[in-house]
Amino acid sequence: LIGHNRKATMGRVVAETSHPFVVDKTFAMVHNGTLRGHKKLKETEVDSEALAHLLEPVLKSGVSKEELEEQMGKIDGAYAVSAYSQSENSMFLLRNGERPLSLLELPDCWLFASESGLLLWIAGRNGYDVAKASLKPLKEHVIYTVNLKTNAIVEQEYTPKKALPPVIPALGTGVHTVWKKMKTTITHSETLVSKNGLKRLKSRFLGK
């Protein structure tokens, strides 16, 4: 059972932008956090829906670690995620350092939530002895896969591969560029290009 209380940070508050987000009728995901530039992942109104489309193909047993890390590197922002894949018969828990996620192990079930205090309250309300329960914060950049057939949890670490910033081409011998506060200063020890040529170079690379 996966539940979600949404504090809307973007998009309309309507059924279409509410959690869970479902992909291909076999993958359902809820997300705590806010992403930046989510339309780079997919053109959707809500960032969480774009994240669901990114995660659905990579949370599968046949995906290589390299592909997983490359796709996860595209995420810019905070996330704590719980997802269910019907095709994998598994559910997944994962987070980065910007959002918490905890797991409470009880004699006959697991409870998970972004708010650890909520887990203890729910367990106590349902008659569990929370003093004997095992509560652990989940590590960032680790996928916890719960096999729903065997009830076993497997951990897989990943390192998101962030895209490197563009390399500024060299301008020639004796020419140096200094970038500061989105402005460009170009100095040279010998005259290599005209003054207008330097202005064109500055205009071309300004802000990049």
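**Helix, sheet and salt bridges in a predicted model**

Reader: At about what angle does helix α3 run to β5?
Author: In this predicted model, helix α3 comprises residues 116-125. The helix lies across β5, β6 and β7. Relative to β5, its direction is at about 20°.

Reader: Which strands are the edge strands of the open sheet of three strands?
Author: The sheet has the order β6-β5-β7, with antiparallel pairing. An edge strand pairs on one side only, and this holds for the strand at 109-113 and the strand at 134-137. The edge strands are therefore β6 and β7.

Reader: Which residue is linked with Arg36 and Glu98 in a network of salt bridges?
Author: Arginine 36 is partly exposed, with a relative accessible area of 48%, and glutamate 98 is partly exposed at 41%. Both belong to a network of salt bridges.

Reader: Is glutamate 43 buried or exposed?
Author: Glutamate 43 forms a salt bridge with lysine 39, the closest N and O atoms being 3.6 Å apart. Lysine 39 has a relative accessible area of 43% and is partly exposed. For glutamate 43 the relative accessible area is 62%. The cut-off is over 50%, so glutamate 43 is exposed.

Reader: In which strand is glutamate 155, the salt-bridge partner of lysine 136?
Author: The closest N and O atoms of lysine 136 and glutamate 155 are 3.8 Å apart. The pair links distant parts of the chain, 19 residues apart, with lysine 136 in strand β7. Glutamate 155 is in strand β9.

Reader: About how much accessible area do Ile2, Tyr84 and Leu148 have together?
Author: Leucine 148 lies in the loop between β8 (142-147) and β9 (152-157). Leucine 148 is partly exposed, with a relative accessible area of 36%. With Ile2 and Tyr84, Leu148 forms a nonpolar patch on the surface. Together the three residues have an accessible area of about 220 Å².

Technical notes
Residues numbered from 1 in each chain as written. Predicted model: local features only at pLDDT ≥ 70, side-chain atom pairs only at ≥ 80, totals over all residues. Heavy atoms only, no water. Patch = residues over 30% accessible without salt bridge, like charges linked within 9 Å, V, L, I, M, F, W, Y side chains within 5 Å. Areas by Shrake-Rupley, 256 points an atom, 1.4 Å probe, with all protein chains shown as cover. Salt bridge = Lys/Arg side-chain N within 4 Å of Asp/Glu carboxyl O. Helix = DSSP H or I, 4+ residues; strand = E, 2+ residues; numbered from the N terminus. Buried < 20%, exposed > 50% of the residue type's maximum accessible area, 1.4 Å probe, protein only. Pairing = 2+ DSSP bridges. Contact = heavy atoms within 4.5 Å. Axes fitted to C-alpha atoms, helices over the stretch in contact; angles between N-to-C directions.
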